[in-house]
Amino acid sequence: MKYTSISHIEQLKAKGEKFSCLTAYDATFASLMSDIGIDVILVGDSLGNVIQGQKTTVPVTLEHMEYHIECVARANRHCLIIGDMPYMSYSTSEEAYQTARRIMQAGAQMVKLEGGAWLEDTIRGLTDRGIAVCTHLGLTPQSVDSLGGFKVQGRDDDTANTMLKDAKRLEAAGARMLVLECVPSKLAKEIAEALTIPVMGIGAGVDVDGQVLVLYDMLGISPFRAKFVRNFMADAQGDIKAALQLYHDEVKAQNFPAAEHSFE
């Protein structure tokens with residue numbers, strides 16, 4: 001099985017086919033995901049919540065990210081690996097370049113940053129330096145305190161229009177992928193249709209190009225419960241590998257997310 005590349009994900013979008021993504025933080029789960037054919041692994045700073053027991057992703061450091069990306073990369077045989085750039089590690093372009101260098105050298109093929117149009121110059125600089133960038137709009141966990149908590153974003157016309165404009169500007173700056181988190185389905189569909197780059201959703205409805213969930217949430221073994229999460233482990237009668245396979249298959253068949261996992 002060949003390694004998945006960002007070009008392959010772009011081809012899936014062009015053909016109208018969905019792609020699957022899950023978070024992973026260690027070699028064992030990375031190996032399982034490779035066996036199954038999950039398209040993308042996100043080594044997310046969500047490790048702060050599910051591995052470290054933190055209330056937010058803010059305490060996660062670059063050293064933490066490097067360690068977990070290295071663990072995943074050693075066992076990966078197929079998936080495109082995206083590595084999160086942690087809180088305040090890309091506040092300037094120069095800082096972002098150094099952070100991205102370390103994320104990529106740890107084993108990622110793409111870096112992910114949270115934020116809107118203020119990131120344009122940074123994205124251009126990273127792109128010029130040959131680094132593939134995934135951006136993240138909607139509910140951005142690193143900014144959850146300023147957002148007033150874990151709330152759906154883009155429900156009023158002003159914030160929806162701003163999100164659409166930001167998405168277009170980030171694509172124009174060179175972003176190769178976009179994550180939309182906790183965004184009304186209608187808005188997410190509009191953004192996905194307006195962009196040529198793949199749009200990956202978490203709590204953003206079925207009409208985006210791919211889906212991502214936090215591994216421990218979809219296995220039903222984390223204390224976190226959200227409308228957009230489905231317990232695939234329960235559906236698979238407690239078999240972890242079967243749960244991962246079911247998630248992959250349901251995303252590909254556009255059976256997940258269903259209406260009950262989406263926001264209006």
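A search of the whole structure, a predicted model, turns up 1 cavity of 30 Å³ or more; on a 1 Å grid over the protein atoms alone, a cavity is a set of points where a 1.4 Å probe fits but cannot get out. Residues are numbered from 1 along each chain as its sequence is written. Local features need pLDDT of at least 70 and side-chain atom pairs pLDDT 80 or more, while totals for chains, interfaces and linings use all residues, and side-chain values rest on heavy atoms, without hydrogens and water.

The largest cavity holds about 40 Å³ of space, taken as the space filled by probe spheres set on the grid points, which are joined across faces, edges and corners. Its lining (residues with an atom within 4 Å of a point) includes Gly201, Gln211, Phe228 and His261. Strand β8 gives the largest share, 3 residues, and β7 (199-202) also supplies at least two. By class, 7 lining residues are nonpolar, 5 polar and none charged, with Gly counted as polar.

Turning to the fold, 8 strands (DSSP E runs of at least two residues) close into a parallel barrel in the order β1-β2-β3-β4-β5-β6-β7-β8; pairing requires at least two DSSP bridges. Neighbouring strands are turned by 25 degrees against each other on average, direction ignored, using axes fitted to C-alpha atoms. Strands β5 (133-138) and β6 (177-181) pair over 5 bridges, with Leu137 opposite Leu180.

On this sheet, helix α12 (residues 240-252) lies across β1 (19-23) and β8 (210-213), at about 145 degrees to β1; angles run from 0 to 180 degrees between N-to-C directions, and helices are DSSP H or I runs of at least four residues.

Technical notes: Contact = heavy atoms within 4.5 Å. 1 Å grid on protein atoms, 1.4 Å probe; cavity = no way out; pocket = protein on both sides within 12 Å on 5 of 7 lines; lining within 4 Å.
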